[in-house]
Structure formats: C-alpha cells, structure tokens
Amino acid sequence: LRQILLEAPLGSKRILAIDPGFRSGCKVVCIDETGNLLNHFVIFPLEPVLEKSVSKEKLMSAINSYKILDIAIGDGTGGREVSAWLSEILESSNVNVHVVSESGASIYSASELAGSEFPELDLTFRGAISIGRRLMDPLSELIKIDPKSIGVGQYQYDVNQKILKDRLDQEIISCVNAVGVQVNTASVQLLSFVSGIGPTLAKNIVEYRDKNYEFKTKGELLNVPRFEQKAFEHSAGFLRVRDGKYPLDNTGVHPERYELVDAMAVSVNHTLEELISSKNFIQKIDLTKFISDSTNLDTLKDIINDISKPGLDPRGEIKLFSFDPTVKTINDIVQGMILPGIVLNITKFGAFIDIGIKESGLIHVSEMSAKFIEDPLKILSLRQKILVKVILVDYERKRIQLSIKDLDFKI
C-alpha cells in the first residue's frame, strides 16, 4: 500500500482522462489543475462501432480547447487498444500519454463521496475523473478508496480484519505526513489523515478556506472553528502553505523551530529568504552552535534538509513510459526480447509484470538476482517501470517467464 500511495505525481496540470470501453465507448473527461471537471463526452475509436475519424476530431478539439499536454488512460479493458490508437493520432504532437492503474476506480465512482462531488454525472464518467486525478496526485485520490479495493497484496481476507484496517490506516497517515499536505488545495479526505486533525477539523478547514479565500500563514489555522493550540502543535509540521507570507510555512519545519532557523540565518549574515534560496549559504551553518537540551544534532540535520528543499515533493517526478509498440499479442513475443514493463503485483515467489499485452509475465524470485533473494519487495516496488528479458514463452498455456538477472532493469 505504501508503495502505491507514494507513487510519483504529475502535479497540478490540466489532464484529459479516458476510461476505455468497447461497446459502450470510451468515457472522456477534461479536468483542470485542481481536479475539477471541465468537460465530458464519449468517443468510439474501438470495435465494434469504430468511429475513428469522429473520435479523433472530438478528442483533438478538447485537447486544443483546454490546452491539454497530458492524457491519462485506464489500464483496464480496452486500455491497450486506446493507447495504440492515441500513438497514431498524436504522433507529431507534444502530448504525453500515461497508463494509469484503474483498480478501485469503480468503487470510488459508486461511492457516496463521488455522488456528493458529481451528483448529476454518470458513474462511468466519475471513474474517468478518478483516473485523471490519480495521475495528478495518486495519494490524494487513492485515500478515498478502501485500501483493500486497490488490488494489491495477498491473503487480505484471511487475517483479522480489524487489525488489518488499523494497520492500513496507520500506513495512510504515515504516507500523508511524510509527503506533507498543501492546506490551500487539500481535500477534506486528505486533511483528515494529518496527525492531530481528523474528519471534523478537516471539514472545518475546507469550509473556512472556501469562505475566507486561501491561508497566507499556518498561524491562520487557529482562526478555524475548534482548531485549538494542541491540534496546531500536532499538525503544523505536516501542513504546507505555498506562496504564503512566511517561506518556512512551505517546509516541514515546525513553527516552534522558526526562531531557531532565523538565528541560523543571522549566524551566516543572511536573511531567511536568502538562506532558503541558496544551498551554499545553508552549508556554511555551524550546527554545533545550535545544539541544546531540546535540540540534538539529528533534529538540526532534519531542519537543514527541510529548508534546503522548500515545497519539494519527496515522491520525486513522474517518468514518461511506453510499452513496446511492436508487441500487441503474446504471438509477437520471442525468447531473448528486452521489453519495458510495469510491476503489477509482488508475491513471495516473484513479481507479475505488465508488458503491454493481455497476458502478464512472471519474474520468479530466482530470476531477480544471482544472489539469494528473501523478499522480492527489496528488489522491486509496485507500479515501478522496468526493463525485463523474456526467457520463456508458452504460447499454448499463454505463460511468459521473465528475468531481470544480469540486467540493468531500472528505467
């Protein structure tokens, strides 16, 4: 779950998202930088309707009208066919196409939350919106779904359900706090997982923000109804205010430490703004001068790390990826091929890899390294983009064996 939640986000950009389908068509939505719906329609570029020219015209019109540079495609039924069609019509454009896992999207689209967000919208269009938002920020969107519906892990129904739920909730809270939450754009659901806040305060924060415009400082949170000092102490280090009045508000430094950072800036004869904007200035700070009974060297190093990268998302940047366009079915695969793939699931005995066709390939744990591997999770992570080598194809049983042994597999 942690690996799925901490997948790199595309960020706040306009996105066209497609929930693929054959007979019922492909549901298309355009969403703005904050995930709000701009437009929605249906196209039929696939069998049996096969309206390729009309579908292309409608799609290109939306791309141009809303200045779309990124397209998200659900990886379910019809996803590969839509990807192939898009590669044809977008060949000379600068639009990027991203394949997005749609596991659990139907759970969200039928949920009470989706109904309250888009009460007049068909369920299938809600699913497409979820796909687009997952590309923009996987963490913010996936926390709306029961983790057990995301489709990863083994034996989840064979263990104590209460313990499992508590453990999964702890992991979500840990992920949210590790990334940090932009208080001016976060949803109620995301804010509710911040330590010290919870569902009621999260709702109060969003309602206050809607009435009073955006927060300019973290301190303004104390004006929110029922947001008391204790809640502020618990949550302030995990909240961020981008482009606010005080630059440290966009870092993980707790307000209790702001005076300490000001003193650090003075110690190297620079203003706070100059200090944050230059790693050279930060490196001049003698941390030993700031060690005290309440602040040890490790804490000081954490503070330096935070002010060195204000507002930086620890999840990194999303990488562009595409499957091998020459491989459309299992019959196109031969032994010895090197193919790009995405890690779908990881078990004790190996990992299943999507290589762009209907059948997934398996990397057995013995094919991950020349050394003994006790846990495949130490080698691979979910949704990771990698290169794999085909070592065996069983066309009759439709099984593909893969290897990353002796291969520089990381993309």
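Biologist: Which residue in β12 is the bridge partner of leucine 362?

Modeller: This is a predicted model: local features need pLDDT of at least 70, side-chain atom pairs count only at pLDDT 80 or more, and totals for chains, interfaces and linings use all residues. Residues are numbered from 1 along each chain as its sequence is written, and side-chain values use heavy atoms, leaving out hydrogens and water. Strand β10 (residues 361-364) and strand β12 (residues 399-403) pair in the parallel sense over three bridges. In β12, leucine 362 has as its bridge partner glutamine 401.

Biologist: Which residue in the turn between β11 and β12 has a positive phi?

Modeller: Strands are DSSP runs of E with at least two residues, helices are runs of H or I with at least four, and both are numbered from the N terminus. Two strands pair if DSSP finds at least two bridges between them; β11 (residues 385-394) and β12 run antiparallel, joined by five bridges. They form a hairpin with four residues between them. The turn residue with a positive phi, about 55°, is lysine 398.

Biologist: Which are the edge strands of the open sheet of five strands?

Modeller: The strand order is β3-β2-β1-β4-β5, with mixed pairing. The twist from one strand to the next averages 20°.

Biologist: Which residue in β3 does cysteine 30 stand opposite?

Modeller: Start with strand β2 (residues 26-31), which runs antiparallel to β3. Six bridges join the two. Opposite cysteine 30 stands asparagine 39.

Biologist: At what angle does helix α3 run to β4?

Modeller: Helix α3 (residues 79-89) lies across β1 (15-19), β2, β3, β4 (70-74) and β5. Helix α6 (residues 123-136) also packs on the sheet, at about 50° to β2. Angles run from 0 to 180 degrees between N-to-C directions, using axes fitted to C-alpha atoms, for helices over the stretch in contact. For α3 and β4 the angle is about 155°.

Biologist: Are α12 and α15 roughly parallel or roughly perpendicular to each other?

Modeller: Helix α12 (residues 258-267) and helix α15 (residues 297-308) have axes 12 Å apart, at an angle of about 75°. Angles under 35 degrees count as roughly parallel, over 145 as roughly antiparallel, 65 to 115 as roughly perpendicular and the rest as oblique. Therefore α12 and α15 are roughly perpendicular.

Biologist: How many residues of the contact of α12 with α15 are nonpolar?

Modeller: Contact means heavy atoms within 4.5 Å. Leu260, Val261 and Met264 of α12 meet Leu300, Ile303, Ile304 and Ile307 of α15. Ala, Val, Leu, Ile, Met, Phe, Trp, Tyr, Cys and Pro count as nonpolar, Asp, Glu, Lys and Arg as charged, and the others, Gly among them, as polar. None here is polar or charged, and the nonpolar count is seven.

Biologist: Is tyrosine 258 buried or exposed?

Modeller: Buried means under 20% relative accessible area, exposed over 50%, and partly exposed in between (1.4 Å probe, protein chains only). Tyrosine 246 is partly exposed at 26%. Tyrosine 258 has 9% relative accessibility, so it counts as buried.
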